[in-house]
Amino acid sequence: MPTEVINLTAVKRDPNFVDRLSPDGDLLRRCIQCGTCTASCPAAPAMDLTPRRMWRMVQLGMEEEVLRSKAIWLCSICYQCQVRCPRGIPLTETITRLKEMALAREVAASRESVAFYKAFTDVVRRYGRMREMEFMVRYFLRGNPLSAFGFAGLGLTLMSRGKVRPEMPKLGGEGRFDKLFERVAELEGLK
Ligand code: SF4
Ligand code: SF4
């Protein structure tokens with residue numbers, strides 16, 4: 001867990017960040033730093049910024065630091081923090097907005113996570129379920145193909161245990177989920 005003190009005089013801050021992030025920026029200003037979100041978050045131990053700390057940085061306008069963090073990509077959208085926040089802040093939806101902002105800005109630190117998300121949704125869109133081998137191929141091609149060599153040992157172990165099958169069996173339903181994905185994109189204003 002990070003414990004270092006933030007030197008506010010040494011970072012660039014944008015006081016309007018909180019309003020750009022949420023149509024109701026006042027909600028985010030209501031955070032009382034109780035830490036319930038961090039205590040509830042199953043991914044917090046792996047995050048570079050804990051949720052409580054991240055919301056304080058949002059209030060302080062530390063846009064660059066928040067968008068560069070791996071924490072937003074480790075959020076699994078489980079809603080634990082949101083349902084437990086005593087101030088009723090829509091935390092999970094706001095993390096999704098942070099992801100969209102990082103994506104739009106093509107933040108370098110997010111490249112691998114974006115490649116992971118896109119490869120995952122591409123496969124689910126095609127088949128309605130995961131095909132691990134195709135997912136891995138898409139992920140490495142989108143991200144850093146050379147990094148695949150570092151996972152060769154793990155891949156072979158998974159294959160030997162039947163967790164990943166090399167033959168990529170043909171599954172029914174290809175293209176059946178296009179309409180669903182298009183509707184979601186429409187609802188999110190992406191079309
Ligand atoms: S649970 Fe809500 S009020 Fe408490 S620190 Fe997290 S965001 Fe702030
Ligand atoms: S929604 Fe994200 S940040 Fe909130 S508890 Fe779940 S994983 Fe953690």
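**Helix pair H9/H10**

I started with the packing of helix H9 (residues 111–127) on helix H10 (residues 132–142). This is a predicted model, so I treat each value as computed from a prediction. I looked up two numbers for the pair, because packed helices are described by the angle between their axes and the distance between the axes. The angle is about 140 degrees, and the axes lie 8 Å apart. I noted the crossing of H9 and H10 as right-handed.

Next I listed who touches whom. From H9 I have Ala-115, Phe-116, Lys-118, Ala-119, Phe-120, Asp-122 and Val-123. On the H10 side they meet Glu-134, Phe-135, Arg-138, Tyr-139 and Arg-142. I sorted this contact by class: seven residues are nonpolar, five are charged and none is polar.

**Domains**

I checked how the chain is divided. Domain 1 covers 8–105, and domain 2 covers 110–187. I took the distance between their centres over C-alpha atoms and got 28 Å.

**Ligand 1**

Which residues are closest to ligand 1? I found Cys-31, Cys-34, Thr-36, Cys-37 and Cys-85. In total, 15 residues surround this ligand. I then asked which helices supply the shell. Helix H3 (36–40) and helix H4 (51–59) each give at least two residues. H4 has the largest share, with three residues. By class, I read ten nonpolar, three polar and two charged residues around ligand 1.

**Arg-161**

I ended with one residue in a loop. Arg-161 sits between helix H11 (152–160) and helix H12 (178–187). Is Arg-161 buried or exposed? I counted 8 other C-beta atoms within 10 Å of Arg-161. The cut-off for exposed is 12 or fewer, so Arg-161 is exposed. I also compared sequence and space for Arg-161 and Leu-146. They are 15 residues apart in sequence. Their C-alpha atoms are 24 Å apart in space.

Technical notes: Residues numbered from 1 in each chain as written. Chains lettered and ligands numbered in written order. Predicted model: local features only at pLDDT ≥ 70, side-chain atom pairs only at ≥ 80, totals over all residues. Domains from an automatic or database assignment. Helix = DSSP H or I, 4+ residues; strand = E, 2+ residues; numbered from the N terminus. Buried ≥ 20, exposed ≤ 12 C-beta atoms within 10 Å, placed from the backbone. Axes fitted to C-alpha atoms, helices over the stretch in contact; angles between N-to-C directions. Left-handed = near helix turned anticlockwise from the far one by under 90°. Contact = placed C-beta atoms within 7 Å. Nonpolar A, V, L, I, M, F, W, Y, C, P; charged D, E, K, R; others polar. Near = placed C-beta within 6 Å.
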